[in-house]
Amino acid sequence: MPPRRSTTLAGTAAAGCLLLLTACGHGPAHAAKDAAPTPVRAAEAPAPLPVPRGGGSEVPDDFNGDGHRDLVLDTLVTAESHADDAGIGIVYGSSRGLVPGARQLLTPEKYAAPVGGRPPAVFEAEASCDLDGDGFTDLVVTTDPPYDGRGRPPVPLQLLFGSPSGPAGRAVPLVVPDRARYGNDWPERPVCGDFDGDGAADLVLHASTGRLSHLRGPFTRKGAPREAGPPVPSAGEAPAGPAADVNHDGYDDLVVRASAGPGGATLVLGGPDGPTRTGATLPAGDDVALGAFGRGKALDAAVGSPGGIAMRYDLPTAARGSLGTPGSMLDAADFDGDGLSELVSSGSGVRVHPGRAAGPTARGAVAVRPATTGTTRVLAAGDFDGDGLADLVLRTHRGDTQDTVEVHRGSAEDLVTARAAVTFSTSQFLAP
């Protein structure tokens, strides 16, 4: 019997609510220095603002196509510990950044395709990109369809298509043709990217040990890819996003980990036939981030672990380097606008290491300390206010029922601002 599918997510986000009116589109809200994570008070959540209507854009994660980046929130606080999953939240962006009052809750009851005539128990965000090419970002979600353990399991992934008002209507099951599958594993771990260079977004999925499924876009509104060939041989089994064109040849590339947990990884290069070429073998670690950290014309890789961060420069050549600081979870973005990526390390604390021509260094790193105490994770690193500088979104939580989300804006002088420009809690999605 094949192994049971894991619903652990990599590279997804969770966030969302402003209990202060000033943070709901009427100006920035700041948390007090000693504030505790916001407890659940659904009755105090501000009334939702209308989702702005857009006409389509090429901005990443722009579900309503208005030209402003939005935030996907996959882990929301609940009214009590161990309660059912509340669903997926989206906070919409504006020219001033995220506006938590402009929000949308995607519940499985309303938005998921029924599984066996009932809403699925699992409804989690996995990846996002414009799969049908209409200018509105679409969301790939995972569900938990019933499976008796015999034969080939069903496809657990569904597609939610964006629109001028954000994701609208029910999701449709993703179609993975039989010829693109291999063995009896769950087709999972979707990564978006244009791996064949035709201008349309594709999906790469886990097929089995040593095989990947490459689904070529654009996708139809019935969830079917334009084309899907036989499974692609791979040195690993766990594709990991986001994808990037590391060697600037016009084809997106991706990291494929040897397994779902810590371990080695391989850079797989795209081409006319899709992601078929092994580009470089990366050292073992907990997480991998791709970025323009310096020391080369191509992108670089940072591999994080509790013992330190290994660098591989100028991919796929992969000249060796290291950063003498631990960091088991990594993200990359250009916060100061100099064209080089900063490396964000987190796990035991959040630190932003500046990108430099000689590569990032621990000297000059900026520690970002949330105003609240608890477990802090990086939700996203991207330009949410359109000023050309990436912003850092953090979530600090205590258990299932209390959290605070902070947006720290990018800064040419300080990398990221010490004080959050926006502070909110995901408890807003509990409001009727």
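Which residues line the largest cavity? The lining consists of Arg96, Gly97, Leu98, Phe384, Asp385, Asp391, Val407, Arg409 and Val422. A cavity here is a set of points on a 1 Å grid over the protein atoms alone where a 1.4 Å probe fits but cannot get out, and lining residues have an atom within 4 Å of a point. Grid points are joined across faces, edges and corners, and a volume is the space filled by probe spheres set on the points. The largest cavity has a volume of about 50 Å³. The count comes to one cavity of 30 Å³ or more.

This is a predicted model, in which local features need pLDDT of at least 70, side-chain atom pairs count only at pLDDT 80 or more, and totals for chains, interfaces and linings use all residues. Residues are numbered from 1 along each chain as its sequence is written, and side-chain values use heavy atoms, with hydrogens and water left out.

Start with the whole chain. Of the 432 residues, 56% are buried. Buried means under 20% relative accessible area, exposed over 50%, and partly exposed in between, with a 1.4 Å probe and protein chains only. Among contacts with a separation of 6 or more, 51% join residues 24 or more positions apart. A contact means heavy atoms within 4.5 Å.

Two strands pair if DSSP finds at least two bridges between them. S6 (residues 138-142) and S7 (residues 157-160) are joined by four bridges. Val140 stands opposite Leu159 in S7.

Both residues also belong to the largest nonpolar core. Such a core is a set of buried Ala, Val, Leu, Ile, Met, Phe, Trp, Tyr and Cys residues joined through side-chain atoms within 4.5 Å. Beyond four places in sequence, Leu159 contacts Leu131, Leu139, Val140, Ala171, Val172, Leu174, Phe219 and Gly223.

Next come the loops. Gly307 sits between strand S19 (300-305) and strand S20 (308-313). Thr325 sits between strand S21 (319-323) and strand S22 (329-333). The two are 18 residues apart along the chain, with C-alpha atoms separated by 7.5 Å. Gly307 counts as exposed, at 78% relative accessibility. Thr325 counts as buried, at 11%. Setting aside residues up to four places away, Thr325 touches Gly308, Ile309, His353 and Ala362.

Most residues other than glycine have a negative phi, and most peptide bonds are trans. The bond from Gly217 to Pro218 is cis, with omega near 5 degrees. Pro218 lies in the loop between strand S11 (211-216) and strand S12 (227-228). Leu315 and Pro316 are also joined by a cis bond, with omega about 0 degrees. The loop between S20 and S21 holds Pro316. Ala318 lies in the loop between S20 and S21. Phi of Ala318 is positive, near 65 degrees, and Ala318 is buried at 16% relative accessibility.

Definitions and conventions. Helix = DSSP H or I, 4+ residues; strand = E, 2+ residues; numbered from the N terminus. 1 Å grid on protein atoms, 1.4 Å probe; cavity = no way out; pocket = protein on both sides within 12 Å on 5 of 7 lines; lining within 4 Å.
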